[in-house]
Amino acid sequence: MTRRTVHFLTGIRSEYDILAPVIRAVADEPGLDAGVIVTGAHLTGLHGGSIRQIEADGHRIVARIDSLLASDGLGGRVKGVALQIAGLTDLFARERPDFLVVMGDREEVITGATAAVYHHIPLVHIGGGDHADDGNVDNLIRHAVSKLAHLHMVTTELSGARLRAIGEEPWRINVTGASGLDRILATPPMERADLDRALGVDWNGRPYVVLLYHPTITDFEGARAHMAVITDVLEKTDLAIAVMAPNSDPGNQAIHLEIEALTRRCPRAKAFTFLERGVFVNMLRHARAMVGNSSAGILEAPSLALPVVNIGIRQRGREHGDNVIFVDYGREEIEAAVRRAVGDEAFRAVVARCRTPYGDGNAGRRIAEILARTEIGPDLMNKKFLMDRAQP
């Protein structure tokens, strides 16, 4: 039996952490070989050089495509798209996979999709059909890639329904759950003292929050002002603050400046550009709350019974558990939400019982099995658009 090659495209730490259980499951599946195409923020020191996590996991790196420009404006990301497409085109000319897998909604997803379909390579999209009412370009990219993809691995039933609504054939849509939960459930717990040593902090058991705030393209010019309010609110509490670096979207450099300012003036705050996966998961496990606007608060935090304060427009309208408090950028709103998340025992009891809509932690195995059994041929590659016959 001929072995199939499955290439995964990844451009940033958070994306890879979600893909990692799928890559491992594919590597373990009889008849499948996994490879990783690395680009974007993985290859820069500013974002922690997170390619080293991929190397530590022992996966075959198929290619390294430098694409991230030193820009904090809108144009840098677009030019990066061009560099990725050029690199993928060269790669597929010399090494052509049986499947290309992309995940989510960043620029790597649209570049991978474009290069794959023009090379007649079956495209697998993880996370299609998801949607937030935040006006972010990520939603447009995600839905565009869904129309290019040949197979969909969606996280919820609602996401699958959205894909059917845009004309996708039901047999292409697989409800697998979110693979980020695989990572959570597979990570062994650490004692708090061991975690503090791994983080390099001397908090002596002090309660802490995890701050992870990303810029949003629709209001990236206000990113520094928003971050300044958030850090000021948290600094005025007695909580320690574990701050993770933002993603590479426009506005990220302004957020970095506020993080540097916070850690200079507040000894209870510690910033991290990169954490080994097990340390990051356990940092969430022991945290009193997560504050910011990360998708980890939506996807993974419910499985950890972790309260989340989601600030601003990012993630609005997205499927979520009862652990999330949505607020705008106002100082008083943020202060009240943080107090509720860390100190309201009635709310925390609700969070402790909350259920996630994102599956059971077995997404990687399901996706690997689907890729192993799917027939590659005209039926897969020739997409049809299904319309409701009741419509004119």
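Analyst: At 41% relative accessibility, R60 counts as partly exposed, where buried means under 20% relative accessible area, exposed over 50% and partly exposed in between (1.4 Å probe, protein chains only). This is a predicted model, in which local features need pLDDT of at least 70 and side-chain atom pairs count only at pLDDT 80 or more, while totals for chains, interfaces and linings use all residues. Residues are numbered from 1 along each chain as its sequence is written, and side-chain values use heavy atoms, with hydrogens and water left out.

User: With which residue does the side chain of E95 meet in a salt bridge?

Analyst: A salt bridge here is a side-chain nitrogen of Lys or Arg within 4 Å of a carboxyl oxygen of Asp or Glu. E95, itself partly exposed with a relative accessible area of 25%, lies in the loop between α3 (74–94) and β4 (99–103), and its partner sits 35 residues apart in the loop between α2 (51–56) and β3 (61–65); helices (H or I, at least four residues) and strands (E, at least two) are DSSP runs, numbered from the N terminus. The N to O distance is 2.9 Å, and the partner is R60.

User: Is E168, which forms a salt bridge with K147, buried or exposed?

Analyst: The closest N and O atoms of E168 and K147 are 2.6 Å apart, and the pair links the loop between α6 (157–165) and β7 (173–175), where E168 lies, to K147 in helix α5, 21 residues apart. K147 is partly exposed at 31% relative accessibility. E168, by contrast, has a relative accessible area of 2%, so E168 is buried.

User: How many residues apart in sequence are the parts that D328 and R316 tie together?

Analyst: The side chains of D328 and R316 meet in a salt bridge with an N to O distance of 3.0 Å. D328 is partly exposed at 38% relative accessibility, and R316 is likewise partly exposed, with a relative accessible area of 23%. Because D328 lies in the loop between β13 (324–327) and α13 (331–343) and R316 in the loop between β12 (308–311) and β13, the pair ties together parts whose separation is twelve residues.
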